[in-house]
Amino acid sequence: EKSADAQETVNSSSVGEKDLSAVPLAAGSILMSKRMKVLQLVNSLHRSDGTFLPGYAVVSIKSKFLTGVTSNSDSVECKLSFDQLMDSYGDELSCPPVELDSVAQKELKVGKRIDKEGLILSVPNGGEPIISLRSSLIDTIRNEASSSDDFSIVCPSPSSNLFMGAYVRGYVARKDERFGSFVRFLNGLTGLIPKLKKGLDESLYETILCKVTALDITSSPPKILLKKVSESDISKKKRKIESRNKGSVSQRQIQVGDLIGDVKVTDINFARAKVQLIDKAFFGANIRARIHVTMAEPIAAKPKLSKQEKKAKDEHKIGKSHPFYSWKAGDVIKGVRCVAVDTRDGVSFVELANRSEKSDLVSSSPIVVSDPSQLPPGSLVHSIVTSVSASSPHFGVWVQVCPGISGFVPALELSSDPDILNDIESNYKVGTRLSCCVMEKSNPEKTPLRHQLQRDDHDNNTKEHNALELSVLLAEEQSNAKQAGFKPTKPQRGDVVVGRINKKMRVLGPPALMLNLRGTFTGRCCITELNDMDDWANMPLGKDPSNDSKSGSNEVQRVVSDSEADLSNNENDDDDEESRDEDKAKSEIREEYPDGKFIKCRVLGSARAKGAVELSLRDSRLEGDLEEDCVPEPNDMTHAYVISTTKKGCFVRISRYVEGRVILKELSDDFIPNPTVMFPPGRLVVGKVKRVTKHDGKQKGNRGLAATVDIDMRESVLLSSGNRITLDDIQENSKYTGVVTRIESYGVFVRIENSDVSGLAHVSECSDSYVKNIFDLYNPGDLVKVMVIKFDKEEKRLGFSLKASNFVDDDDSDDASLSDEASSSEEDSDEEEEEVKDALDERSDGEGDSDSDDENFVAKMAAKMEQAGDVHSDNDSESSDDSSADSDDDSESDEKSLEQRPEESLPQAMDANVGFDWGSTIKPTKITKLAESSDDESTDSSSDSSGDESEDEDAGFKSSHKARKKAAAKRREEEEISRREAALADG
């Protein structure tokens with residue numbers, strides 16, 4: 001190795017400065033000998049599925065011999081594949097070519113420098129450069145610069161300007177029995193020698209000379225069909241053309257802009273139409289003429305096409321919008337003009353155009369260029385749509401500007417009508433002509449990746465896009481100007497723009513809708529700006545799938561009986577149509593803002609994020625109303641959208657510059673087991689403003705908000721009127737109405753109505769008698785009366801009493817309200833009593849012995865009402881037999897006293913059952929009346945004889961009271977679970 005370095009030093013001193021010049025790190029660069037050092041040899045890989053991967057050598061090239069190296073290392077590592085060591089391997093290789101490893105070991109030595117010239121074959125994006133030692137390819141590339149005639153041999157790349165009849169040199173990279181041999185060139189460009197053209201006769205990895213027989217430029221890279229030729233064939237053809245030119249008559253010289261006259265169409269495909277010159281002045285001239293699709297216009301007459309002609313058009317993808325749709329072989333095109341001429345080997349290749357001389361955005365002569373750099377930003381050109389791209393990196397249309405020059409028009413640069421863009425394939429069909437303006441190319445380093453023109457199916461193997469970036473809107477805006485630096489400007493406040501919804505983009509200030517705008521700008525539409533405030537809807541952006549999974553994990557599975565299941569199935573069958581309508585409506589709401597939809601927006605100003613703008617979709621904004629929403633005042637009712645929810649509370653957004661917060665206890669009057677599920681981001685809520693804190697705008701930490709508010713969302717607060725009771729209004733020995741909020745073993749927590757004041761009623765203050773189990777006495781949500789017996793102002797603690805003795809002498813409005821409830825319940829009981837009497841009359845008509853049957857019917861009716869939760873216990877299950885007997889003895893006198901008293905004097909809920917649910921204590925009067933009606937209808941004799949039987953029935957009834965009480969408690973628990981499940985399902 002030291003001797004090799006010394007020899008290199010001697011050689012470097014003896015050669016000129018030109019030999020030591022560095023070459024670009026790009027495909028097609030030639031490396032001098034002894035500049036590649038072998039570091040490692042990696043053997044070939046033969047997989048079990050039959051796939052064979054040739055081995056390779058890792059070679060090192062010093063960075064001083066290369067230009068354009070981005071890394072800071074002293075050397076660049078490259079790959080030298082074992083199939084790139086020589087031009088031909090002859091018959092040494094088998095199938096698969098496992099002999100490559102032995103050939104490589106003979107040619108390469110680890111640690112030694114390669115004494116051959118090398119060629120950079122390709123530079124993969126993000127990979128190691130590929131090196132080749134094929135001398136034929138190196139000579140071909142070296143001779144390309146010195147030879148420029150039609151018979152010159154080239155080694156093309158995807159960016160080369162190929163043409164029909166060009167001679168190219170490459171190597172056989174792969175053989176496929178289905179298609180033929182694939183020939184590889186620079187930077188991955190590949191052509192095919194078809195199987196029908198003896199493509200399978202070629203040797204694998206052999207360097208080969210071919211001629212381009214077919215070329216499809218509508219795809220990038222182009223599709224190439226090849227035919228193998230030899231250098232002797234090229235020499236013969238060259239001598240033949242030279243001898244023919246010597247004996248041919250002088251022909252008319254065609255120049256750009258000349259009027260050729262009429263031509264006859266001989267062949268048509270998607271990209272071009274071959275024509276023959278009819279003018280006598282061109283008879284005998286060696287001229288090949290064509291009309292490119294970008295230079296053509298439909299002929300005036302549109303004859304009807306036969307089925308065979310329509311089939312041929314479909315095969316070439318020539319639709320009704322295509323300029324060649326009305327053309328067919330044999331047609332005469334009049335008034336053709338020359339737009340480009342190229343003479344090679346005595347043959348004139350002429351580009352013609354039948355476009356009219358009328359100019360709209362461009363000059364009368366179509367522009368024909370050989371390189372995209374010849375069209376600077378601001379140039380106005382015509383183009384033909386070749387395909388519509390719907391891929392996520394870029395959505396728009398690909399166009400052909402002129403032969404060999406393609407371009408891309410983003411959808412947002414096509415039109416300012418969102419309805420047209422949402423149906424882009426129907427409005428911009430293949431073959432449609434567009435007038436475009438060349439835009440200034442954005443800097444890839446400063447442009448976000450989502451806005452860069454990236455590779456897709458249209459440009460699969462190209463490292464970079466050489467396509468022009470075009471705009472139809474800029475062409476309309478700048479129809480009378482041509483200047484450099486044409487690109488969309490940042491939208492300003494008040495502008496109406498079209499945006500494309502992008503749900504894959506990171507959301508700024510969620511919940512919000514992110515949109516792509518023209519150029520590299522992005523837009524943010526706050527959830528409060530999606531609709532006018534009167535049209536706000538719940539969850540306008542749809543539900544978050546993560547929240548659905550969380551809620552699904554917390555669902556309570558309830559076991560149902562067979563009868564309940566049958567009933568639910570019947571109900572589901574009846575409601576199938578209604579549920580389908582609801583699902584359809586929900587899906588329409590979710591799809592109101594789908595990803596990729598184009599919508600019209602009003603610009604409200606710049607967003608806090610760099611490069612983004614604030615947008616609005618409100619109808620009032622689009623009509624010109626740019627005034628900001630007002631800041632709510634205290635005690636105002638306001639709607640808001642949930643921003644986020646934690647275990648401590650909820651944050652909401654009222655408008656773009658007004659946000660609020662709701663503490664956990666003010667979210668609802670009821671207990672909320674999982675606030676994050678009940679209040680997901682985007683849920684529409686209503687609340688009452690408690691406090692408003694306005695900000696200066698320059699104050700730090702307010703995030704640009706105009707105000708922050710505190711909101712109370714409890715239903716009791718929303719429905720309350722007037723001033724609420726505060727802690728300062730509370731006095732000892734004062735009495736209030738409250739709601740049970742929580743029950744513990746040591747007491748009951750009660751919140752005073754129309755206030756946020758809560759207190760504790762100790763278990764000793766819950767009843768005048770001994771309380772064995774406080775949980776059987778009260779339930780959360782019970783409406784009770786409390787008296788303040790203790791008030792610690794320093795600790796802000798209240799002590800309540802629920803004893804009935806504290807309210808014996810009360811004569812306030814509560815009794816009146818209770819009497820109203822009692823009267824309404826008595827009316828209901830009267831109706832039920834009439835129904836029972838009717839049923840008894842029917843039974844008496846049909847049966848002879850009615851006394852026992854009537855009593856059984858009343859007992860059954862009472863039992864059914866008890867099972868429905870309408871009957872509550874009168875005494876504890878541990879009451880003695882003596883007390884039950886006393887109650888039986890006194891029952892007759894009680895019934896008589898009830899008959900004598902008017903309805904106003906019936907026992908009220910507050911008189912007997914202080915602290916229970918008020919509505920439930922009225923219902924026992926129904927049972928009293930039912931029993932009374934049955935006694936009235938029975939005879940005196942039967943009542944005397946049935947006294948003992950009634951006592952036995954009452955004893956049995958009370959002995960099973962404990963079991964019924966447990967069953968009722970279990971039913972109430974199941975009903976509570978069902979209610980909470982329904983609430984969770986409703987959001």
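Analyst: One term to begin with: buried means under 20% relative accessible area, exposed over 50%, and partly exposed in between, with a 1.4 Å probe and protein chains only. By that rule, 39% of the 987 residues of the chain count as buried. This is a predicted model, in which local features need pLDDT of at least 70 and side-chain atom pairs count only at pLDDT 80 or more, while totals for chains, interfaces and linings use all residues. Residues are numbered from 1 along each chain as its sequence is written, and side-chain values use heavy atoms, with hydrogens and water left out.

User: How many helices and strands are there in the chain?
Analyst: The chain has 22 helices and 41 strands. Helices (H or I, at least four residues) and strands (E, at least two) are DSSP runs, numbered from the N terminus.

User: What share of the contacts is between residues 24 or more positions apart?
Analyst: Such pairs make up 65% of the contacts in the chain with a separation of 6 or more. Contact means heavy atoms within 4.5 Å.

User: On to charges. How many salt bridges does the structure hold?
Analyst: There are 28 salt bridges, each being a side-chain nitrogen of Lys or Arg within 4 Å of a carboxyl oxygen of Asp or Glu.

User: What does Arg524 pair with?
Analyst: Its partner is Glu614, with the closest N and O atoms 2.9 Å apart. Arg524 lies in strand β29 and Glu614 in strand β31 (residues 612–616), so the pair ties together parts that are 90 residues apart in sequence. Arg524 and Glu614 are both buried.

User: What about Arg272 and Asp267, how far apart are the closest N and O atoms?
Analyst: They are 3.6 Å apart, in a salt bridge. Arg272 is at 14% relative accessibility and so counts as buried; Asp267, at 34%, is partly exposed.

User: Which residues form the negative surface patch?
Analyst: Asp534, Asp535, Asp619, Glu623, Asp625 and Glu627 form it. Patches are made of residues with over 30% relative accessible area and no salt bridge, where like charges are joined within 9 Å and nonpolar side chains (Val, Leu, Ile, Met, Phe, Trp, Tyr) within 5 Å. The place of a charge is taken as NZ of Lys, CZ of Arg, CG of Asp or CD of Glu. Accessible areas come from the Shrake-Rupley method with a 1.4 Å probe, and for residues only the protein chains shown count as cover.

User: Where does Asp625 lie?
Analyst: Asp625 is in the loop between α12 (619–622) and β32 (637–645). Asp625 counts as partly exposed because its relative accessibility is 37%.

Terms used. Lys, Arg positive; Asp, Glu negative; His and termini not counted.
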